[in-house]
Amino acid sequence: MKKKGLTLVLLGTMIILTWLFISCRVAEEAQQTADLVLTNGVIYTADAADTVLEALAVKNGKLIAVGSNTEVQGYIGDNTEVIDLAGKMVLPGFIDSHTHPPGIALRERYSISLNWTDDKAAKLADIREFIESNPGLNAYFGAGWSVGAFDGEETTRGPRKEHLDEISPDIPVILRSYDGHSAWVNSKALEQAGITEDTPSPEGGIIEKDEATGELWGTLKGAAIQLLPKQEFTAEQLMEGMRAFQKFMHSLGYTGVYNAGWDDRMFDVIKQLEDKGELNMWVRSGAPLDTRKDEPLDSQIEQVIQMSQTYDSDLFKVIGAGEVFIDGVVEGGTAKLLEPYEVTAGFGDNHFGVFSWNDMEALREAIMALNGEGLQMHFHSIGDRATRETLDALEYALERVPGDHRNVITHLQLVSPEDINRFSELGVIANVHPWWHLKEPGWWEEVDFHFLGERAEYEYPLQSFFDAGVMVTISSDYPVTPVPNPLWAIESGMTRNLNNAEYYGVEDITHIDDPTWLLNKGERASLIALLRGFTINNAYALFLEEKTGSIEVGKYADLVVVGEDLFQADPLSIDGVEILKTFFRGEVVYSSW
Ligand SMILES: [Zn+2]
């Protein structure tokens, strides 16, 4: 009884305080002057009602008013900077909910970058040029090739060592594929790593060998890559890379990212950048958790928990474990499928792929342990079987550890239609990359269709997730998507067709239904759904929705100005719309206008 009385008193006080607060706020707002006012625009707020407004006012980094031009007029004072948007569009700052900072920036400076060429001859020329202009290194590292550039058996097994032996017979060459899941090496690299014809493929990995002769092929996949040395960057180089990454992301309108891991030293690098006052974006991060490591799972889980306490500041926080690999990738034959790979893929007629995380009981335990600590799981799953088993584990864990965990499954190339509803039932977030939602030139036919057959026609569900009421978030997996321009993704998400013809080096399409690169148009999503996926939904997935992700009074002024009103634009022209200005907490962090 006593307790109840106290509650009532508290409630009464709260009502009075709230009333005082509201009346103060109105009084204060009437005379408040903004630091910055944007007027005369098309402002998509991403609020619950998808309101579109004309103007907004910012003070001390936060939004103090949003509304019509007239409504915001009163906030303009002598020192207010006023920007006339002249019909341009403003959106909440984009968030990329799966990236690998610092991405390509370091590679481009310190190693061989093969991301920008498509065919074999050009890639070999790039490798030769780097080696010739950087003599005297102990090893040459690089990344960015894809099997799409090769032909014959090399499209399945990966490129052969002989190409590299010809260029560098005496110094190891180690080149990761564009997605990091395979490595192409020369004979010297194999020799120094102690890999011979007799070395068995490790669990979760493949050491490719010539089927006829048993000779080493020159490509290692999945866990086998861990047999190779890694390129070591200095902390100073990583810092430089992180600065370049931030600048690049700002230029594409981003004000927040999720770090899915790359180099464990990045945690300290990002923290230092924040301490120096140079971090101008939200960074939320997963901590490593991988059953392929020697370290026992329990101590890895303990470490994730510890890291969430160590890195827990305003701009930079560890929010869980990620990316947690359940399987590999289709092109490596390591994505785990419900039905076997096509025979044409060259793995025989009974190859279902490989689990990266084999022990499903351990998976359930890990989910329960971390969710129980209020930490999120962020899974990598490409194949339909990997996704089903991940959902099974999540379902099991949720029954025992209920709560608002916001667990994420990313990539989702093949998903059984039977599993789509389970995402919403279990509160699991679907993290997708619409940049890839087309029959990609030089890739879909040669790889996806070749390995998956008819199934490839139904890969990368998008609208199915929205239809099922799933929380859909969008990310680039940068540097796997080397230019994570959100407008390119929005175009392909809306059209399921070619975006940025120039980037792919093909002729642009003039009709949305042009069949050449069209991938399952039934999965086309709406502009608003995609905008929400890039903004408020991503903020939710990163536990940031109280601070950012929409243009609403009280939130930070994280904004992007784009050249045109996307609601009026022809979907096929969205990839060409310019990103003009990015604001983080009311400050300009990028401007081309
Ligand atoms: Zn990733």
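**A covered helix and other elements**

A: In helix α18, Ala529, Leu530, Leu531, Arg532, Gly533 and Phe534 are buried, where a residue is buried if 20 or more other C-beta atoms, placed from the backbone, lie within 10 Å of its own, exposed if 12 or fewer do, and partly exposed in between. The model is a predicted one, in which local features need pLDDT of at least 70 and side-chain atom pairs count only at pLDDT 80 or more, while totals for chains, interfaces and linings use all residues. Residues are numbered from 1 along each chain as its sequence is written. Helix α18 spans residues 527–534 and is mostly covered, with 6 of its 8 residues buried; helices (H or I, at least four residues) and strands (E, at least two) are DSSP runs, numbered from the N terminus.

Turning to the sheet, 6 strands form an open sheet of mixed pairing in the order β9-β10-β11-β12-β14-β13, where two strands pair if DSSP finds at least two bridges between them. Its edge strands, each pairing on one side only, are β9 (112–113) and β13 (205–209). Strand β12 (residues 182–185) pairs with β14 (residues 216–222) in the antiparallel sense over 3 bridges, and Ser182 stands opposite Lys221 in β14. Strand β11 (residues 173–177) also pairs with β12 in the antiparallel sense over 3 bridges, with Leu175 opposite Trp184 in β12. In the hairpin of β11 and β12, which has 4 residues between the strands, Gly180 takes a positive phi near 80°. In a regular strand the side chains alternate between the two faces of the sheet. In β12, Ser182 and Trp184 point one way and Ala183 and Val185 the other way, and all are buried.

Finally, the axes of helix α10 (residues 297–310) and helix α11 (residues 360–372) come within 11 Å and cross at roughly 25°, the axes being lines fitted to C-alpha atoms over the stretch in contact and angles running from 0 to 180 degrees between N-to-C directions. The helices α10 and α11 are therefore roughly parallel to each other, since angles under 35 degrees count as roughly parallel, over 145 as roughly antiparallel, 65 to 115 as roughly perpendicular and the rest as oblique.
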